[in-house]
Amino acid sequence: MKKMISVLLAAVLLVSLAGCAQTQKEDAGSQASAAENKAAEKTESATTAESTAAPESAIETDATAEKEPATSEAESAAEPASESAAEPAPEHSETLVVVFSATGTTLGVAEKIAAITDADLYEITAAEPYTDEDLNYSNSASRSTTEQNDKSARPEIGGDPLDLTGYTTIYIGFPIWWGEEPRIMDTFVESYSFDGITLIPFCTSASSGIGRSGPNMEALAGSGTWLDGKRFSGGVSEDDLRAWIESLQ
Ligand SMILES: Cc1cc2nc3c(=O)[nH]c(=O)nc-3n(C[C@H](O)[C@H](O)[C@H](O)COP(=O)(O)O)c2cc1C
């Protein structure tokens, strides 16, 4: 009997042990699956976060993409405007009056021509200004007489250089010195290119005509279309100048 009870107890113990082991196994399994689930959840939430973030960054990209063309559209919209703004409105008149005047007489005529033609005015000045003694034509040793006797003399021009860009017509004026243009005019015409420009010589004098001044300067310049020049007295009227200018058209 004792033996039977011992066997029974052993059997009960075995059964309860087995049950315990099973419960532990189940617990471990459920814990593991819980952990798996958590991990899965984490992965899912990460994926969700990524997929949530993805559209945002896509929106950002789209927004950027949209922004960029918008900017370039704005730029390209601005481009033609600036092009069309740059197109017309010339910066200055297409006509220029250039003058050398030692004592102011030819300058007065040049100013009238500039007013009539709505032209810009540029005065040629000598780097070394002419004094009264320099202009004394009664003195065969004076500077002006010496220069005029030397066809290769090229008195230096002072002041700012001239930009001829945009000019199509130049009235070119000077006093007559010993029958022709002062040598400083030769310096001037040799200093610039007159391609595409029409040049119209004019002069003042005590009585002499313009002589060969025009052809002289044309040959030295080597460019430009030179019209016949004309001599005026210092007191020429605006009407006479206007009539002459109109006769050139
Ligand atoms: C050196 C010199 C030579 C001159 N030679 C002549 C000449 O050959 N014939 C003439 O009619 N006038 C002559 N003149 C007078 C000037 O041509 C005239 O006074 C002119 O209108 C001066 O112009 P301006 O004030 O613009 O310098 C001469 C004047 C000078 C200073």
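Visitor: What makes β1, α2 and β2 a right-handed unit?
Guide: β1, α2 and β2 form a β-α-β unit, and a crossover is called right-handed if, with the strands pointing away from the viewer, the path from the first strand over the helix to the second runs clockwise. Helices (H or I, at least four residues) and strands (E, at least two) are DSSP runs, numbered from the N terminus. This is a predicted model, in which local features need pLDDT of at least 70 and side-chain atom pairs count only at pLDDT 80 or more, while totals for chains, interfaces and linings use all residues. Residues are numbered from 1 along each chain as its sequence is written.

Visitor: How do you know that β1 pairs with β2?
Guide: Two strands pair if DSSP finds at least two bridges between them, and β1 and β2, which run parallel, are joined by five bridges. One of the partners is Ile 124 in β2, bridged to Phe 100. β1 also pairs with β3, again in the parallel sense, over five bridges; there, Thr 95 has Thr 169 of β3 as its bridge partner.

Visitor: Why is β1 called mostly covered?
Guide: Six of the six residues of β1 are buried, which means that each has 20 or more other C-beta atoms within 10 Å of its own, with C-beta atoms placed from the backbone. Thr 95, Val 97 and Val 99 point one way, Leu 96, Val 98 and Phe 100 the other.

Visitor: Which residues is Val 97 in contact with, beyond its neighbours within four places in sequence?
Guide: They are Ala 110, Ile 113, Ala 114, Ala 119, Leu 121, Tyr 171 and Gly 173. Contact here means C-beta atoms, placed from the backbone, within 7 Å.

Visitor: What makes a set of residues the largest nonpolar core?
Guide: A nonpolar core is a set of buried Ala, Val, Leu, Ile, Met, Phe, Trp, Tyr and Cys residues joined through C-beta atoms within 7 Å. The largest has 32 residues, and Leu 96, Val 97, Val 98, Ile 170, Tyr 171 and Met 185 are those with the most contacts inside it. β1 gives the largest share of this core, five residues. In α4, the buried residues include Met 185 and Phe 188, and what covers the buried residues of α4 includes β1, β2, α3, β3 and α5.

Visitor: How many residues surround the ligand?
Guide: There are 21, and the closest are Ser 101, Thr 103, Thr 105, Thr 106 and Pro 175. To count as near, a residue needs its C-beta atom, placed from the backbone, within 6 Å of the molecule. Helix α2 gives the largest share of the shell, three residues.

Technical notes. Buried ≥ 20, exposed ≤ 12 C-beta atoms within 10 Å, placed from the backbone. Contact = placed C-beta atoms within 7 Å.
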